[in-house]
Amino acid sequence: MSNSKLTRRGLLKTSAVAGAGLAVPTIFTASSASAFTNEPTGSTVTLGFNVPQTGAYADEGADELRAYELAVEHLNGGGDGGMLNTFSSKVLEGNGILGKKVEFVTGDTQTKSDAARASAKSMIEKDGAIMITGGSSSGVAIAVQGLCQEAGVIFMAGLTHSNDTTGKDKKANGFRHFFNAYMSAAALAPVLEKLYGSDRKAYHLTADYTWGWTQEESIAAATEAMGWETVNKVRTPLASTDFSSYISPVLNSGADVLVLNHYGGNMVNSLTNAVQFGLREKQVNGKNFEIVVPLYSRLMAKGAGANVKGILGSTNWHWSLQDDASKAFVQSFGTKYGFPPSQAAHTVYCQTLLYADAAARAGSFNPCAIAEALEGFEFDGLGNGPTLYRADDHQCFKDVLVVRGKENPENEFDLLEVVEVTPAAQVTYAPDHPMFAGGALGNCNPGA
Amino acid sequence: MDTFLLQILNGLDKGSAYALIALGLTLIFGTLGVVNFAHGALFMIGAFCAVTLSRILNLSYETIDPEKKDFLGNPAVVKTTYVESWFGPEAGAWIIDWAVPLGILFAIPIMLLIGYVMERGLIKHFYKRPHADQILVTFGLAIVLQEVIKYFYGANPIPTPAPSAFKGSFDFGVLLGMDPNVIIYPYWRMIYFTFSLVVIGAVFSFLQFTTFGMVVRAGMADRETVGLLGINIDKRFTIMFGIAAAVAGLAGVMYTPINSPNYHMGMDFLVLSFVVVVVGGMGSLPGAVLAGFLLGILESFASMNWIKDILPGIDQIIIYLVAIIILLTRPRGLMGRKGVMEE
Amino acid sequence: MGILEVKNVGKRFGGLQALGDVNLSVAENTVHAIIGPNGAGKSTLLNVLVGKLIPDTGSVMFDGQSVLGRKPHEINQMGISRVFQTPEIFSDLTVLENVMIPCFAKRDGAYRMHAFETVEDEVDIVQKAEQMLLDVNMQDKLRMTASSLSRGDKRRLEMAMCLVQEPRLLLLDEPTAGMARADTNNTIDLLKEIKDSRDITMAIIEHDMHVVFSLAERITVLAQGTPLVEDTPENIKGHPKVQEAYLGQAHG
Amino acid sequence: MLGLNQKDTKFLLIVVALTLLTPFLTQPFAESSGLAQFNAGYPDLMQRFAIYGIFAIGFNILFGLTGYLSFGHAAFLGVGSYSAVWMMKLLTTNVIPGIILAIVVSGLFALLIGYVSLRRSGIYFSILTLALAQMSFNLAYSVLTPITNGETGLQLTLNDPRILGVTATPDGSIPATHLFGLEMKSSAQWEVFGHLFTFNVGYYFCAVMAIIAFYLSLRIFRSPFGMMLRAVKTNQTRMSYTGLNARPYTLAAFVISGMYAGLAGGLLASMDPLAGAERMQWTASGEVVIMTILGGAGTLMGPVLGAGFIKYFENIFSKINDGVLHGWFAFLPDGLEDFVVFLIHPFVGKGWHLTLGLLFMLVVTFLPGGLMEGGNRISRWYKNRRNKGTDTDEGTPHAPKSTPHVAE
């Protein structure tokens, strides 16, 4: 791990050497020194990886961090190059970004908006990070995105699924590769209709905070559009650990599908509880009772263990995909770490590559130039098929995977199987879709 | 009516965990006069005893099977557990399947030992210190314990299922002459409830009917006098601390199939269990048990839809609201004694 | 008409009649002792006087005003101070601060938000407190933390804290309980000195007869919650009822 | 000066000097040296030192003086932040109105919560504050989202009215927070001998606030009011039999410390206009408890030190990862190097909570007076060593314990 020399401020690398012998101190203000925030002047460029390292999402954060390290290794020409070899844009040459060696600093979001902003600020102010990326919840992503907008650096969102990240809280300096709740719903609905029919009654249990609400809204809208009836929408407190009192009334409500708009520990517990109550063995309205978890992640599936078997959901990417890009990424990640990458690892790896590529194509680290290079960028070879970074809202549009908990896993990582790859066209929406209304990108801010 | 019945069941089940944790907490407070903020962590460690046992049972040797491929396309490594190779596949699988109930046997000595070490090594030095100091040092200990667990087991929840014999649920409604599926309840949760009653009963009869228990009860009422009678009350208190730790640990072991254990589950329960203890009345064992079940039931009622429609968000705060009301109207809790903890 | 008038006070605790029909009058500027065997209701009576207990029947008037239903701090503000069996002092504070606090209470009432003045600038109060401590011979211990005082000094300090408020009535709850003979005598001397040097009414609850007879000008004997006799020390000494009460107690 | 005696004036001046020189003191290592990662002199962290210092000073007025252990103080910090951000959304991004509103609103909120919870004492009080604060947090995170913006936290947007300010700057971004035009985020940097010092407007604004807060707390400590609060802690029985009503004193202390928390919250929002609900969680309240105890409850400087210590740990210590460790121990033979790194690894970087927990236990067990007591013990030991043999020890048997609470 030689690439984590953490502390130097790019700006000083040269000036410190030059000025070391001089006894005359120089005073300058931050703004007069460079054209944009943290302009790299030395031979290196510093990226800031802001992931949860403590708290409930620490394992997910650790997986993201592994992917970041891998990405940095590949950008600097190390390793087998991973998805650099399959990426449709070929401007990256394995010599860092624009010839500058990539270094990185890490921060701990603690999955709290506050702490995440503090760690992002510290990376920007102290370590001279030119770009911030990461996060594993929407609240954090939106908060850090806002900060990056004000500070004048690019934010490449990690795992954030709320519509708001590229909806009402979208920012000119922020970009999201991950899919969102609307896309989950749009991808799931046809599969649900195909497998469970169009005459179903759904019961929603929703984590009582912003992300939960947007997902509930999206799924309810999509399923109602195909003829399902929404029996009830029940909000559950974030702090809940035991969902029995929310799950036990479900069977008697007349519903025959339970939608769990939960994530992380909430999802693990609510799904475990639901299976415990034997919901899946029951018959309601003459149909098999079904459970749906719209947003899946492998770590959650692992936490819920055998309870995920046969449960449908959606994910951004899965390691069992057989396209060249996915295979290359799994190969390179698996060789280095001994297990396949999660979707969170995949999205942050892509985001790092996309940022580097945009900088290379723009020929500059100026956030505004990079934003321009990313806007409307079409690419392929990163595991999700042909993808568009839409200019209107900085959201990636790509295929979405509908997955199901595997009945007979072959190994400990083999928890989900891909049921369907919903094409990008089917999950695309208008930029002014009501679920995404109410915000504006604003202007790109180069800071300084 | 049926929804009320259902929620009472839920409440009793939730209350079981609350009552068990609060019972141990009160035992420690009543005997030692120590406010133990690390009690939630003991619950968590109990849960991880089950995880550990299940891992031990799953220890395995590896053989390479060239027929199968792993995710990278290399020849797969096939693991066979020692248990299965020793006892034969069937008996071995049964033992692994029963890891959680077996975890009880595994957890008791470990929890007693942890309790003993904690009391002798740390708590002992805090008997004469203010309650605030006790809260703080045990709070520090709780952080340390959970970080240690996190270091070894990670932050992700670890699924620890119940034996397959207890999967599924029982239909109470049919028993009461209602339609099927109206009141169903998982077998394991019923076992948890029964288990908690057994443990509570055991602790109470131990205190009630043994000489040891009598001395401890006398010591709870008046420590100095008992000390003057020439009884080595300290040693007994150490044992009581061990027992309290074991009660918390057992609550944790049996809880694992209900929710996958994670390193911070102790903190999740800590605040709650303190509310339970205070509502029950600091130092009152029956109060703790009563308050545990009561709060469990109230919490379940608060999650009913029509109540949430009238008072949005009530299920978020019900526990705290009850605690506040009880503390303001019955300052010593439901069954507390006067003058406890008000220095 | 005494400064403290207790009329027909009765108090029950469940089945126990702790006080039944107590009548008592304490005249101004006297030392009035209330004695009685254990369980006679002395402490209950005292707690009624300071507002800690509210009697079921009867009235307690201090200087023409009822004390019933008032909080301890309000009763203190009326001019009644109390000395406890075990000295109640501010043990983490210095001796001087211990005496200054009652001065503030006397001057400023039950509550005043004097957060921006400094203690040192309150010259009057510092002087008053220092003078008080000089009076009780503790002038060399001003800066000591109260908890490090000897037991006798703690008692002195508590007295000083009460006296500095110049109370009109000083209640003493077994001021020599648990003291060695020498300390007891010191305390008696201190109380005598106080009695001689200022206009003050004292009500002493005590069962050490030595103390009572050295100090009291009038004595009320309490038995089973009712006053048996009230008289001068000389008359009490040989009173048959009193002997009966104490001997009866002693016999069983 | 300023109504302080000579000793306190000196003390205050030292604090002022330390605060103003923080950009130097926290930046002791040259940028190019391997130790540069231990520098803490960047605006965000320096601001946090000052802000959490204010928070802890305020908490100490309640806990250190009256002994009432509140486990819900973070609620006031959160309420302060929300008020300030709302002011910046509705009125102007000038920080003054926001901070004033923050102090007022959190003061009122503290009055309400204090009025309810101060009816009980001991652990019952702690649980009441905990319950009230957790209620606030849970509601802020969910059903109060229209006011608090829930999970994401309340932020400024381009649609805010800001009737006295501007909705958006000419270049289309959200206006920065400022003090009559002086932007909080603007900094000057001074580079000398390879050291880089950053002088940030926001930090100096917080620093001035912190000095004022400290000065006020010093006055309270030295005032009759402060003495009464210490009396409450020592003996409430004697307090009431002395004719004093303890309740308004404790309530006043509670409200004052709530206002300090509100000021801290308002400043947090002024430095970075976001108010997250997590700020109100009970663990955040636990943090200020830890800060105060670690530094030394009841002392004037202790809480500030504790706050600085914890924020330093959280932001700097947590960044030491394996790579850095390998760098440090590179001089060791390979096997040994790995072993040493393996040993240290659980305690640094993301394991910093473990170190903090251990340290906290050690302090509570062996140094009940916190870091301040540790410092005093060392200096006393040092003095004793110097004075060895000479009998001019001024510490007479009575003197040493004289005023533990007002020890600086």
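Leaving aside neighbours within four places in sequence, which residues is Ala323(B) in contact with? The partners are Val275(B), Val278(B) and Val279(B), together with Ile127(D) and Ala131(D). Two residues are in contact if their C-beta atoms, placed from the backbone, lie within 7 Å.

This is a predicted model, in which local features need pLDDT of at least 70 and side-chain atom pairs count only at pLDDT 80 or more, while totals for chains, interfaces and linings use all residues. Residues are numbered from 1 along each chain as its sequence is written, and chains are lettered from A and ligands numbered from 1 in the order in which they are written.

**The nonpolar core**

Ala323(B) also belongs to the largest nonpolar core, which has 452 residues. Val275(B), Ala323(B) and Phe55(D) touch the most other members of this core. A nonpolar core is a set of buried Ala, Val, Leu, Ile, Met, Phe, Trp, Tyr and Cys residues joined through C-beta atoms within 7 Å. A residue is buried if 20 or more other C-beta atoms lie within 10 Å of its own, exposed if 12 or fewer, and partly exposed in between. Helix α11 (residues 246–271) of chain D gives the most to the core, with 16 residues. Helices (H or I, at least four residues) and strands (E, at least two) are DSSP runs, numbered from the N terminus.

**Contacts of chain D**

The contact between chains D and A takes 45 residues from chain D and 47 residues from chain A. On the chain D side, α3 (43–66), α6 (122–141), β4 (187–192) and α14 (322–328) give two or more residues. The largest share, 6 residues, comes from β4(D).

Chain D also meets chain C, with 32 residues from chain D and 34 residues from chain C. Here the elements of chain D that give two or more residues are α8 (201–222), α9 (224–234), α10 (236–241) and α11. Of these, α9(D) gives the most, with 8 residues.

The table divides each side by class: Ala, Val, Leu, Ile, Met, Phe, Trp, Tyr, Cys and Pro count as nonpolar, Asp, Glu, Lys and Arg as charged, and the others, Gly among them, as polar.

**A helix pair in chain A**

Helices α12 (residues 343–362) and α13 (residues 367–374) of chain A pack at an angle of about 105 degrees, with their axes 8 Å apart. The contact has 9 nonpolar, no polar and 2 charged residues. Among them are Leu354(A) and Tyr355(A) of α12(A) and Ile370(A) and Leu374(A) of α13(A).

**Annotated regions**

An unreviewed UniProt entry gives "domain: Leucine-binding protein" for residues 44–406 of chain A. That span is 39% helix and 21% strand, and its end C-alpha atoms are 45 Å apart. For chain B, UniProt (unreviewed entry) lists "transmembrane region" spans, including 42–61 and 91–114. Residues 42–61 of chain B are 80% helix and 10% strand, and residues 91–114 of chain B are 96% helix and 0% strand.

**Two loop residues in chain C**

Asp63(C) lies in the loop between β4 (57–62) and β5 (65–66), and its phi is near 50 degrees, a positive value in a residue other than glycine. Asn137(C), in the loop between α4 (123–135) and α5 (151–163), has a positive phi near 65 degrees. Asp63(C) is partly exposed because 16 other C-beta atoms lie within 10 Å, and Asn137(C) is partly exposed with 13 C-beta neighbours inside 10 Å.

Terms used
Axes fitted to C-alpha atoms, helices over the stretch in contact; angles between N-to-C directions. UniProt positions renumbered as here; feature names shortened; annotations may be inferred.
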